[in-house]
Amino acid sequence: MNTNPSGNGEFGQRPANTGPIVPKTASEALRPEAGTPPPKRSRASRSQVVVFMNFVISLVMLMVLAAGAALYFGKQEFTEAGPSANGDTFLVKPNTGVADIADQLERRGLISDARVFRLGVRAFGNDSALKAGEYEIKPRASMRDIMELLKSGKSVMYSLTIPEGLTVDQALQRIADEPALSGDMPAKTPPEGSLATDTLRFTRGATRQQMIDKLVADQKKLVDEVWQRRAPDLPLANIEDFVTLASIVEKETGRGDERSRVAAVFLNRLAKGMRLQSDPTIIYGLFGGKGKPADRPIYQSDIQKQTPYNTYVINGLPPTPIANPGRAALEAVANPSKTDDLYFVADGTGGHVFAATLDEHNENVARYRALQKKQADDAAKAAAAGTNGAADKPAGDKPADGSDGTGGDTGDAGGDAGDAQ
């Protein structure tokens, strides 16, 4: 019986060794033997090109991930509500770039990050689409909202109103005082009556010269248009006389229902060679385009003062208009009422009473003066005291309109400001 196994199945038989058997000490026998060594790297895996390509691929992947994250969070910030709780107005000057706009928005606290705004605008292809102007930024407006607003060009609009009846000097003062306008006033003042009475809409930064040029152009167009539609029998020599008379009508009444009748009175007087006797012409002769102080009545001594505009002492029309007439006054002169009226006087309620004869007119004047006296007496009783006159009133010089010294124009033709002619 074989008791030695072997590698071929025989019990107790050791495998054959080709070398000599080296005896080991006990410590060497207990020492762990080395494991199987790893396989050697191939020559291709040790190539520098492969190493570099692996690095590049890894870097690209990291960059793509970073760009994706930046795009996601940047888009979130670009579209989320902005930091401004109250909103504000924001001015974009002409030729301002996106970078400057973004920096200004961030400094004003209207956006949270100028870089995100700049990149967002460029991502939407709006680098050159943002328009100059003044914009109203709403509270919590997002960067995208602001971009769309600046792209739309919907600027804040301002208004400048030139009412009917202002002189050129008074109109220019309004233009000079408007803070939203820029630039200097013109060195040369436009002629009296040459400015349109209108409300102009403009954006901040528009120049004062632009406003004046538009008013002059609009008035010329209006005057030419109305003059072409005038009645054929007007006793007016030219378009300049037409504007001058319209300015007098403008100053005489603000009521639309009686402008054409007031115009008829003056035209009837011109046709008959009568003096116009219009109180506003006295005022313009005394004070010019600056206008009469509000507390300064027309005194008896003013009526006969020699000025080129005082139609109580000159024949015909003044040399220039006395204000800027509006469309209604121009239309009234171009196509007046058909009446025989030669006189009118204030009725005490804001309108006028008209008359074709001097006797009828004198009766109307007497009623008006009686009404004024009653009103003055009632006021004196209510106040228990009062003062009449002004510091510059000459001794014995009473208001020409028969009032208590605080009245203004009566708007009469040949009426209570002087003897009718």
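How many helices and strands are there in the protein chain? I counted 13 helices and six strands. I note at the outset that this is a predicted model.

**Whole chain**

I looked up burial next. Of the 421 residues in the protein chain, 38% are buried. I then checked contacts with a separation of 6 or more, and residues 24 or more positions apart account for 65% of them.

**Strands β1 and β2**

I turned to strand β1, residues 88–92, which pairs with β2 in the antiparallel sense. Five bridges link β1 and β2.

Is β2 enclosed or open? I looked at strand β2, residues 133–137, where four of the five residues are buried, so the strand is largely enclosed by the rest of the structure.

**Helices α7 and α8**

I looked up how helix α7 (residues 208–228) lies against helix α8 (residues 239–252). Their axes come within 11 Å and cross at roughly 100°. Angles of 65 to 115 degrees count as roughly perpendicular, so α7 is roughly perpendicular to α8.

Which residues make the contact? On the α7 side I listed Val-223, Asp-224, Val-226 and Trp-227. On the α8 side I listed Ile-239, Phe-242 and Val-243. Sorted by class, the contact of α7 with α8 has six nonpolar residues, no polar ones and one charged residue.

**Helix α10**

I went on to helix α10, residues 279–287. Its buried residues are Asp-279, Pro-280, Thr-281, Ile-282, Ile-283 and Tyr-284. What do the buried residues of α10 pack against? I found α8 and α11, the latter at 300–303. After α10 comes Gly-288, and I noted that its phi is positive, near 65°.

**Arg-255**

Where is Arg-255? I placed it in the loop between α8 and α9, with α9 at 259–272.

I then looked for what Arg-255 touches. Leaving out residues up to four places away in sequence, Arg-255 touches Gly-350 and Gly-351. Arg-255 and Gly-350 are 95 residues apart along the chain, and their C-alpha atoms are separated by 8.1 Å. I also recorded a polar contact of 2.8 Å between the side chains of Arg-255 and Asp-257.

Note on methods. Residues are numbered from 1 along each chain as its sequence is written. This is a predicted model: local features need pLDDT of at least 70, side-chain atom pairs count only at pLDDT 80 or more; totals for chains, interfaces and linings use all residues. Side-chain values use heavy atoms; hydrogens and water are left out. Buried means under 20% relative accessible area, exposed over 50%, partly exposed in between (1.4 Å probe, protein chains only). Helices (H or I, at least four residues) and strands (E, at least two) are DSSP runs, numbered from the N terminus. Two strands pair if DSSP finds at least two bridges between them. Axes are lines fitted to C-alpha atoms, for helices over the stretch in contact, and angles run from 0 to 180 degrees between N-to-C directions. Angles under 35 degrees count as roughly parallel, over 145 as roughly antiparallel, 65 to 115 as roughly perpendicular and the rest as oblique. Contact means heavy atoms within 4.5 Å. Ala, Val, Leu, Ile, Met, Phe, Trp, Tyr, Cys and Pro count as nonpolar, Asp, Glu, Lys and Arg as charged, and the others, Gly among them, as polar. A polar contact is a pair of N or O atoms within 3.5 Å; within protein, one must be able to donate a hydrogen and the other to accept it, and residues adjacent in sequence count only if both atoms are side-chain atoms.
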